[in-house]
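Hello,

Here is the structure for your files. My notes follow below it.

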Amino acid sequence: MSKRLTVSASPHVRSNETTTGIMLDVIIALIPALIMSVVYFGTRALALTAVTVASAVIAEYLSRKVMKRSNTLGDLSAVVTGLILAFNLPATLPLWMAAVGSVIAIVVVKQMFGGIGQNFVNPAMTARIILMVSFPTAMAKWVTPFQNCWNADAVTSATPMATLASAKGGDLSAVADALPTLTDMLLGKHGGSMGEVCSIALICGGLYLMLRRVISPIIPFAFIGTVAATMFLYSGFNLEYTAYQLLGGGLMLGAFFMATDYTTCPINKKGKLIFGIGCGLITFVIRVFGALPEGVSFSIILMNILVPHIENLSAAKPFGTLKEKKGKKEEKKA
Amino acid sequence: MAEKKSLGKEFSKGIIAENPVLRLVLGTCPTLATTTSVESAIGMGLAASIVLICSNIVISALRKVIPDKVRIPAYIVIIASFVTIVQMAVKAFLPALDEQLGVYLPLIVVNCIILGRAEAFASKNPVLASALDGLGMGVGFTAALFAMGAVREILGAGTFLGMSVPFLSENPMLIFILPPGGFFTYGLLMAAVNRMAEKKGKPRAELRGCEACPMAHNCALNSANKKEEVAE
């Protein structure tokens with residue numbers, strides 16, 4: 001053990017940064033989007049958030065207790081997981097399903113692999129996918145904003161993503177009537193998961209996190225940039241189509257808040273760039289060629305799984321050393 | 001290997017301590033594929049158990065006759081004949097089960113639990129011990145399949161042996177009858193059985209070594225070991 005913790009001689013620089021502080025910043029960054037979701041989907045959005053956060057915190061407390069580990073509620077990571085999960089759910093989802101999602105995120109994805117910093121995929125994202133696969137009808141009930149979401153018969157509509165998926169080759173003329181205006185897309189006046197609709201609030205939150213240096217801008221820019229570039233090329237240089245693709249679905253939420261999760265993204269800049277581009281490419285492929293209209297969650301999960309290999313590829317050369325030649329390695333093996 | 005064990009132990013070890021699926025991690029393919037319902041899980045478990053017991057007895061009886069060099073083909077011939085008998089019987093009397101199990105029924109021929117027991121136990125032990133070993137392993141296999149089938153059917157389809165379970169039948173968690181749910185249930189059961197066996201003082205069934213781990217390259221534990229090796 002002591003060999004693994006070789007510390008150089010003093011003096012040491014100590015940072016005031018703590019996990020709790022970082023998580024608090026993330027919560028602050030998520031608040032604008034939360035407010036907008038309450039504006040659009042009413043108290044139901046607030047209730048759903050309360051349920052996911054509360055069940056995430058309780059699940060974290062109980063699982064740590066059962067596993068005889070220290071109490072980690074203070075780092076607020078369970079609160080963040082609950083918040084992000086709520087953002088990924090449709091506002092009409094039965095509350096118990098949301099609680100099941102939180103328990104999956106915390107107990108199965110996070111604590112069973114060792115708790116904060118040990119999970120190999122993003123907990124909230126995985127919980128969303130498990131819910132999506134388990135309850136396909138409830139998870140695809142997208143209500144239009146500004147109505148009582150407690151009502152079981154709330155009016156539902158196709159999300160812009162579903163509409164865009166039917167616009168083959170980026171031709172918007174056939175589906176123009178079914179799409180909201182670009183301003184509405186930016187403000188979030190369209191069907192979708194409760195926290196992902198308002199792109200502008202998410203961008204504000206993301207910028208706040210970058211300014212506070214909580215997240216590095218590489219992953220969001222690589223991710224969104226790749227989606228933009230591929231969509232632009234695919235649609236035959238159609239700017240409008242590209243803009244819809246960028247503002248629709250979970251791209252902003254995923255790129256700023258989920259792909260940048262410390263535990264599940266590569267450490268150095270080169271790795272982050274590969275990670276972001278990979279996320280963007282998979283999102284493009286699923287959105288355009290896949291059976292599902294939206295692919296941000298799957299792209300992040302798939303890249304999460306590849307992170308160890310990306311780390312191997314992008315490992316930095318220690319200062320002052322020479323790169324091992326390929327021929328040499330083969331000789332060694334032989 | 002097992003000379004000092006009593007006959008009772010030859011039987012009971014297959015249930016928890018050396019459960020073929022959950023502790024020895026053999027026969028994972030039929031385990032994952034046939035546990036979408038309790039019915040097909042039990043069917044698979046019983047079919048494989050019958051083949052296992054019969055082939056164990058015959059292989060053990062012939063263990064001194066079979067030349068070492070061709071033992072594997074000889075085992076396969078014996079196992080395949082029993083599988084054919086079982087398959088024909090199932091086709092004749094339980095056609096519905098045959099349809100559910102599909103290709104996994106003839107695939108019992110290459111089930112590694114059966115070949116594994118033949119190689120590791122029946123070829124070295126007398127007939128009675130081999131029969132009991134086969135019975136115990138069969139019970140362990142069937143029990144593991146039943147447990148997995150029950151979890152997956154109740155949560156994933158909201159039914160148990162076709163009877164609907166209140167609440168869950170209206171809101172089944174479909175993922176449990178899909179492959180990811182199968183792996184998930186498998187992992188959790190394995191952890192639970194590991195814990196049960198550990199409490200009895202048996203060592204934990206573990207994948208040793210870092211070879212299989214994608215994180216090995218960056219792993220602190222691994223690099224520390226490497227450094228020590230170099231230093232020595």
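**Findings**

Chain B has 232 residues, and 39% of them count as buried (under 20% relative accessible area; exposed is over 50%, partly exposed in between; 1.4 Å probe, protein chains only). This is a predicted model: local features need pLDDT of at least 70, side-chain atom pairs count only at pLDDT 80 or more, and totals for chains, interfaces and linings use all residues. Residues are numbered from 1 along each chain as its sequence is written, chains are lettered from A and ligands numbered from 1 in the order in which they are written, and side-chain values use heavy atoms, without hydrogens and water.

More on chain B. Its accessible surface comes to about 12300 Å² (Shrake-Rupley, 1.4 Å probe; for residues, only the protein chains shown count as cover). Carbon and sulfur atoms hold 69% of that surface. There are nine helices and two strands (DSSP runs: H or I, at least four residues; E, at least two; numbered from the N terminus). The order from the N terminus is α-α-α-α-α-α-α-β-β-α-α. Of contacts (heavy atoms within 4.5 Å) between chain B residues at least 6 apart in sequence, 73% join residues at least 24 apart.

Now chain A. K110(A) sits in helix α4, residues 95–110. Its relative accessibility is 2%, so K110(A) counts as buried. Beyond four places in sequence, K110(A) touches residues including E60(A), S77(A), G115(A) and P123(A).

L302(A) belongs to helix α13, residues 296–314. L302(A) counts as partly exposed because its relative accessibility is 42%.

Regards
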